[in-house]
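Hi there,

Here is the structure I promised to pass on to you. Have a look at it first, and my notes follow below.

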Amino acid sequence: MRRFSSFSKIIITFLVLFHSTIMGSNDLIQLSCKKASQGDPNLSYKFCVSSLEANAKGHSLDLQELVVISLNLTVANATNINSTISKLLKDKAFDKFAKECLRGCSELYADAIPTLQEALCAFQSKDFAKANIEVSSAMDASSTCEDGFKEKKGEVSPLRKENDVFFQLNAISLAFINTLASI
């Protein structure tokens with residue numbers, strides 16, 4: 001894969017931040033997601049674009065608004081995961097170990113919601129460092145949840161997909177926050 005020169009990175013950052021006179025929302029989303037996915041091998045460009053485009057239709061956006069959208073998506077996702085966990089806990093197909101893991105995951109996601117809300121407040125106050133810390137903290141819920149299931153040989157997490165989506169949404173928020181913080 002070809003690496004961007006420092007000059008190219010500066011140009012991309014400039015275009016992302018000052019797009020309003022030269023590009024539309026979808027262009028900003030695609031450019032921002034491209035930059036973010038190039039900076040993080042765990043972040044899917046396609047996922048980033050599809051998540052944001054589905055939630056930004058009809059809006060004229062800047063990068064700060066994309067951060068707000070991505071953080072709100074992440075809070076909604078954590079809430080949905082907790083709802084999924086509640087349903088799984090009622091399923092008799094899971095043994096005691098799996099149910100304990102699910103309860104642990106539920107606590108992690110319940111804690112992630114106010115943490116992400118705090119990140120949003122910090123971001124809106126232009127405290128990018130605190131927003132970064134809060135999002136990073138919330139992001140750990142997905143990997144910690146997965147790790148709980150791995151403690152028993154052969155146990156498969158029923159939340160693998162949900163944990164991956166949550167991780168991706170947090171990675172998007174972090175990448176965009178870090179872009180703004182670097183200016």
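Buried here means under 20% relative accessible area (1.4 Å probe, protein chains only).

This is a predicted model, where local features need pLDDT of at least 70 and side-chain atom pairs count only at pLDDT 80 or more, while totals for chains, interfaces and linings use all residues. Residues are numbered from 1 along each chain as its sequence is written, and side-chain values use heavy atoms, with hydrogens and water left out.

The chain has seven helices and zero strands; helices are DSSP runs of H or I with at least four residues, strands are E runs of at least two, and both are numbered from the N terminus. Of its 183 residues, 44% are buried.

Now to the core. The largest one has 51 residues, and Leu 52, Phe 166 and Phe 176 have the most contacts inside it. Helices α2 (25-39), α3 (45-55), α4 (63-89), α5 (96-124), α6 and α7 (160-181) each supply at least two of its residues, with α5 giving the most, twelve.

One more residue to look at is Glu 146, in helix α6 (residues 128-150). Glu 146 counts as buried because its relative accessibility is 11%.

Best wishes

Terms used:
Buried means under 20% relative accessible area, exposed over 50%, partly exposed in between (1.4 Å probe, protein chains only). A nonpolar core is a set of buried Ala, Val, Leu, Ile, Met, Phe, Trp, Tyr and Cys residues joined through side-chain atoms within 4.5 Å.
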